[in-house]
Amino acid sequence: MHVFELSVIGQLVSTLAAVLVLAYLFARVEVEIEGDAGWAANLPTWRIESHPLLDIFWGGRAMTGYHLWMFSFVGLCFHFPLFFMGQWSLPLEARALASIMLFWIAEDFLWFIVNPAFGWRRFKPQYVTWHKRWAGGAPIDYWIFGVLAVVLLVYAF
């Protein structure tokens, strides 16, 4: 049996491309689900609006049933190849975690871009109240998880 393998650069590029395509598709689904009410504001789901751990682990945003199940599902999807291939290593785990982080950054940003109720012009703190902390024109989470993802990818590849 012949196995086709990409170079390290090819693996990195294909991983990033796949993450972006998945993020775009998921952003489109979320726009259909949430409409103009971000962070599941109008969805029939439970919410925990305030708790000290939400500030530490969730960027100060509410925890909702919708997000709990969605984040769990996406995390498992990115780990599925490890289960499917029956392989696990620290570099593979780093690649999966970095991909999850990049997915959520891209998906969240694309949600605004493709959402007719928002768009580029409304990607600002005064319109996006569920992102509590901003820096350099983006939610601070984008910067923190972007840097962490790069560190993990350097390790993984």
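Helices here are DSSP runs of H or I with at least four residues, numbered from the N terminus. The views below come from a predicted model.

View 1. Phe 83 belongs to helix α3, which covers residues 65-85. With a relative accessibility of 60%, Phe 83 counts as exposed, because the term applies over 50%. Leu 76, Phe 80, Phe 83, Phe 84 and Met 85 make up a nonpolar surface patch of about 630 Å².

**View 2. Packing of helices α3 and α4.** Helix α4 spans residues 90-114 and packs against α3 at an angle of about 140°, the axes lying 10 Å apart. The crossing of the two helices is right-handed. Residues of α3 in contact with α4 include Met 70, Phe 71, Val 74 and Phe 78. On the α4 side, Leu 92, Ala 96, Ile 100, Phe 103 and Trp 104 are among the residues met.

**View 3. The two salt bridges.** The count of salt bridges comes to two. In one, Asp 141 and Arg 61 join through their side chains, at 2.7 Å from N to O. Asp 141 is in helix α5 (residues 140-156) and Arg 61 in the loop between α2 (52-57) and β2 (63-64), so this pair ties together parts 80 residues apart in sequence. Asp 141 and Arg 61 are both buried. Glu 49 forms a salt bridge with Arg 47, with the closest N and O atoms 2.7 Å apart. Arg 47 is partly exposed, at 31% relative accessibility.

**View 4. Gly 137 in the loop between β3 and β4.** Gly 137 sits between β3 (134-135) and β4 (138-139). Gly 137 is exposed, its relative accessible area being 55%. Its C-alpha atom is 19 Å from that of Trp 58, a residue 79 positions away along the chain.

Methods. Residues are numbered from 1 along each chain as its sequence is written. This is a predicted model: local features need pLDDT of at least 70, side-chain atom pairs count only at pLDDT 80 or more; totals for chains, interfaces and linings use all residues. Side-chain values use heavy atoms; hydrogens and water are left out. Patches are made of residues with over 30% relative accessible area and no salt bridge: like charges are joined within 9 Å, nonpolar side chains (Val, Leu, Ile, Met, Phe, Trp, Tyr) within 5 Å. Accessible areas come from the Shrake-Rupley method with a 1.4 Å probe; for residues, only the protein chains shown count as cover. A salt bridge is a side-chain nitrogen of Lys or Arg within 4 Å of a carboxyl oxygen of Asp or Glu. Buried means under 20% relative accessible area, exposed over 50%, partly exposed in between (1.4 Å probe, protein chains only). Axes are lines fitted to C-alpha atoms, for helices over the stretch in contact, and angles run from 0 to 180 degrees between N-to-C directions. A crossing is left-handed if the near helix is turned anticlockwise from the far one by less than a right angle, and right-handed if clockwise. Contact means heavy atoms within 4.5 Å.
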